Amino acid sequence: MSPIDTPSATTLAAPPRSLSARLAAVREGLSLAIVRLRRPIRPNATPALRIFPDWPSRVAATLIGAALALASMAYVDPVVQEAQHGIHGGLADLFELITHVGKSGWLLWPTGIMLVVIGFAVPPVRGFADKVVLALAARLAFLMAAVGGSGLIIAIVKRLIGRARPRYFEQFGTLHFDPTAWSSSFASFPSGHSQTAFAIAVAFACLFPRWRRLLVALAALIAVSRIVVDAHYFTDIVVGSAWGAWFTLMTRDWFARRGFVFAPGPGREPFPMPRRRVAAAIRQLARRIRS
């Protein structure tokens with residue numbers, strides 16, 4: 001039996017039964033989690049992913065990106081908007097169904113609930129199965145940070161920009177902005193559904209690299225659906241998709257450099273989690289909840 005399989009004397013402490021004892025254990029677990037999240041970068045970690053290494057290059061890239069986005073809004077969006085009006089019938093109905101997958105609630109709510117349940121049920125850690133459950137919790141935290149973090153920023157930025165939705169195309173054109181409106185009708189840029197789709201796809205692709213092509217293809221389909229249902233312009237989905245993917249990769253990089261979920265080496269490969277170990281740990285967690 002390896003050291004990780006051998007519980008220490010403190011690990012075998014009896015589980016707290018009263019609510020106050022349980023809350024104290026949860027507070028202690030949260031404190032330890034915060035300490036672990038603040039731990040220094042691993043010595044063997046590869047350098048952080050930096051597309052633009054210094055502030056001058058970042059400012060220049062931002063200005064160039066803004067210019068390209070405005071040019072796309074002015075010259076590309078009107079063409080795509082006119083073309084999408086030709087999609088009718090069953091194909092349009094199909095895209096109406098697909099577009100709802102771009103909402104984040106179906107992932108974030110269950111993920112958040114599972115983290116809360118693990119937080120209340122696991123402390124104190126008493127064996128290898130508990131460590132497997134905590135490793136699963138780290139993966140759930142990665143999903144929450146990648147999808148929820150990028151989505152929160154998009155939700156604020158799109159209302160600050162205040163671009164009119166495509167339904168106002170005939171009235172305002174593609175370059176109408178009203179930051180004072182602070183409403184869904186003027187929150188077209190960037191696309192939140194596209195950000196969510198690509199954040200989820202890239203996050204799961206990081207955890208399950210074998211499925212990355214299929215996941216990205218599905219995310220692209222969801223992003224395109226936002227044009228078909230007349231909710232966004234082409235530029236909206238491109239920027240939203242790019243933001244969701246980039247934020248997720250940066251989140252993976254942050255986790256990996258500290259040895260969470262992903263190896264700190266150049267490949268950023270996810271640490272293995274054998275299915276039978278996970279299944280056994282979840283069964284033990286279920287017994288803990290019932291007890």
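User: Which residues does D77 touch, not counting residues up to four places away in sequence?
Analyst: In this predicted model, D77 touches S72, R163, T174, Y233, F234 and T235.

User: Nice. Which side chain does the D77 side chain make a polar contact with?
Analyst: That would be the side chain of T235, at 2.8 Å.

User: And where does D77 lie, and is it buried or exposed?
Analyst: D77 lies in helix α3. Its relative accessibility is 1%, so it counts as buried.

User: Let's switch to α9. How many residues does it have, and how far does it reach?
Analyst: Helix α9 runs over residues 212-228, which makes 17 residues. From first C-alpha to last it reaches 25 Å, close to the 24 Å expected at 1.5 Å a residue.

User: Which of its residues are buried?
Analyst: A219, I222, A223, S225, R226, I227 and V228 are buried in α9.

User: What do those pack against?
Analyst: Four helices: α3 (77-84), α4 (89-99), α8 (192-207) and α10 (234-257). Your D77 lies in one of them, α3.

User: What happens just after α9?
Analyst: There D230 takes a positive phi of about 65°.

User: Okay, now P270. Where is it?
Analyst: P270 is placed in the loop between α10 and α11 (275-290).

User: Why does it count as buried?
Analyst: Because its relative accessibility is 18%, and the cut-off for buried is under 20%.

User: What is it in contact with, leaving aside neighbours within four places in sequence?
Analyst: C206, L207, P209, V261 and F262. As for P209, it is 61 residues from P270 in sequence, while their C-alpha atoms are 8.7 Å apart in space.

How values were computed
Residues numbered from 1 in each chain as written. Predicted model: local features only at pLDDT ≥ 70, side-chain atom pairs only at ≥ 80, totals over all residues. Heavy atoms only, no water. Helix = DSSP H or I, 4+ residues; strand = E, 2+ residues; numbered from the N terminus. Expected span 1.5 Å × (residues − 1). Buried < 20%, exposed > 50% of the residue type's maximum accessible area, 1.4 Å probe, protein only. Contact = heavy atoms within 4.5 Å. Polar contact = N/O pair within 3.5 Å; in protein donor to acceptor, adjacent residues only side chain to side chain.
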